[in-house]
Amino acid sequence: MQDKLCIKSMHPAALVSLMEELGQPAYRAQQVFRWLSMGVSSFDEMTNLSKALRAELAGRCFITVPSIARRQVSAHDGTVKYLFELGDGSCIETVLMKYEHGYSICLSTQAGCKMGCVFCASYEKGATRNLTPAEIYDQILWAQKDRGVRVSNIVLMGTGEPLDNYDNVLTFLRIVSHPQGLNIGMRHISLSTCGLVPKIDELAQLRLQLTLSVSLHAPTNAIRDKLMPVNKSYPLEKLMPACRRYFELTGRRISFEYAMIRGVNDTPQCAAALVRLLGGMQCHVNLIPLNHVDGSPLKPSTREDLRAFQNALIRKGITTTVRRSLGGDIDASCGQLRRKAAAQKEDDQ
Ligand code: SAH
């Protein structure tokens with residue numbers, strides 16, 4: 001398969017070039033793109049193409065087809081968590097959530113993650129690979145087919161660091177937002193990063209209208225260094241100016257993610273330090289009650305501490321919300337299902 005082209009990873013403009021090469025008119029590219037966005041598994045399903053063209057495409061290209069290795073449906077709120085198995089046997093997680101305004105999906109961008117945040121279940125030494133644009137896209141296509149629904153919002157907050165897989169994520173964004181594809185506008189997409197400064201600057205240059213979420217989790221380098229190894233390379237004095245530049249260039253408010261960890265980053269002193277750090281910035285703070293990860297000594301903040309922290313920020317004029325927790329009964333948070341499946345595989349052997 002390696003020498004064939006992954007056709008679902010191709011942006012429509014690249015498909016037009018491919019069709020030109022094959023001596024086909026440009027509108028064939030649109031037809032193929034539409035079929036791929038409907039989640040077909042083979043070229044034979046593209047019934048408005050001639051048999052000869054289908055055979056030619058099958059000779060040069062392949063279509064990725066993931067399989068659903070596991071599916072867990074929350075009895076509380078209908079959240080569905082998928083474990084997809086990819087062509088090479090790697091497994092990735094995807095979460096489909098139902099909100100009042102429609103379906104939102106949380107996508108993985110890498111199989112594993114090398115960032116090493118201490119509170120996160122996705123970190124696995126050495127076991128990382130970038131997902132292709134097709135593999136990111138497939139998570140939506142297959143969840144939609146499985147449930148018979150249409151997704152209207154995307155968050156790149158599953159396993160992986162999206163800006164560490166920059167080119168593929170960008171191609172995916174252009175594919176998923178294309179009017180002839182799923183047509184999900186950038187304003188309905190959030191991209192979450194642990195703070196890779198040069199890539200934040202690169203993204204800002206594109207002036208996309210997506211929401212950039214920055215995983216902050218601490219108001220000082222002393223605390224952030226302990227939680228997120230990335231802070232050694234890009235400490236707050238580099239990260240915060242990059243966030244300000246991002247807002248200046250795109251006009252989009254940054255959303256700061258802040259996982260509330262008992263006794264670590266949730267004190268009144270931390271709230272005051274965070275107010276100082278964000279002073280005068282157009283932003284939004286999203287407090288996340290820490291999801292417990294098996295084997296971790298870190299605990300979520302108490303409800304009272306969380307409210308007090310939120311109020312301290314709001315009093316200083318910082319828009320602060322608390323993330324609603326969905327799918328608590330199905331290990332819906334990052335990396336947990338994948339970890340369990342991997343552990344069970346080991347037990348089975
Ligand atoms: N690598 C990206 C996106 C994936 S993680 C990033 O770091 O932003 C998505 C979000 O979930 C991040 O804000 C991450 O810090 C947070 N997160 C990871 N593990 C968590 C946990 N156990 N509890 C609460 N939030 C967690």
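Residues are taken as buried when their relative accessible area is under 20%, and on this basis both Y258 and F309 are buried in the structure described here, which is a predicted model. These two residues form an aromatic pair of the tilted kind, with 5.2 Å from centre to centre and 35° between the planes of the rings. The pair links distant parts of the chain, given that Y258 belongs to strand β12 (residues 254-260) and F309 to helix α11 (residues 303-315), the two being 51 residues apart.

The number of aromatic pairs in the model comes to three. One of them joins Y82 and F84, whose ring centres lie 5.3 Å apart with the planes at 15°, so that this pair is stacked, planes under 30 degrees apart being counted in that class. Y82 has a relative accessible area of 0% and is therefore buried, and F84, with a relative accessible area of 1%, is likewise buried.

Aromatic rings also take part in arrangements with charged side chains. The charged end of K145 is placed over the ring of W142, at 4.2 Å from the centre of that ring, while the charged end of K199 sits over the ring of Y166, at 4.8 Å from the ring centre.

Turning to the packing of helices, helix α6 (residues 197-206) and helix α9 (residues 236-250) pack with their axes 9 Å apart and at an angle of about 5°. Because angles under 35 degrees count as roughly parallel, α6 is described as roughly parallel to α9. On the side of α6, the contact is made by V197, I200, D201, L203, A204 and Q205, and on the side of α9 by K238, L239, A242, R245, Y246, L249 and T250. When the residues of this contact between α6 and α9 are sorted by class, eight are nonpolar, two are polar and three are charged.

I200, one of the α6 residues in the contact with α9, is also in contact with T193. T193 is located in strand β10 (residues 189-193) and, having a relative accessibility of 1%, counts as buried. With neighbours within four places in sequence left aside, the contacts of T193 are with E161, L163, I200, L212, S213, V214 and S215.

How values were computed:
Residues are numbered from 1 along each chain as its sequence is written. This is a predicted model: local features need pLDDT of at least 70, side-chain atom pairs count only at pLDDT 80 or more; totals for chains, interfaces and linings use all residues. Side-chain values use heavy atoms; hydrogens and water are left out. Rings of Phe, Tyr and Trp (its six-membered ring) pair if their centres lie within 6.5 Å; planes under 30 degrees apart count as stacked, over 60 as edge-to-face and the rest as tilted. Buried means under 20% relative accessible area, exposed over 50%, partly exposed in between (1.4 Å probe, protein chains only). Helices (H or I, at least four residues) and strands (E, at least two) are DSSP runs, numbered from the N terminus. A charge sits over a ring if NZ of Lys or CZ of Arg is within 6 Å of the ring centre and within 35 degrees of the ring normal. Axes are lines fitted to C-alpha atoms, for helices over the stretch in contact, and angles run from 0 to 180 degrees between N-to-C directions. Angles under 35 degrees count as roughly parallel, over 145 as roughly antiparallel, 65 to 115 as roughly perpendicular and the rest as oblique. Contact means heavy atoms within 4.5 Å. Ala, Val, Leu, Ile, Met, Phe, Trp, Tyr, Cys and Pro count as nonpolar, Asp, Glu, Lys and Arg as charged, and the others, Gly among them, as polar.
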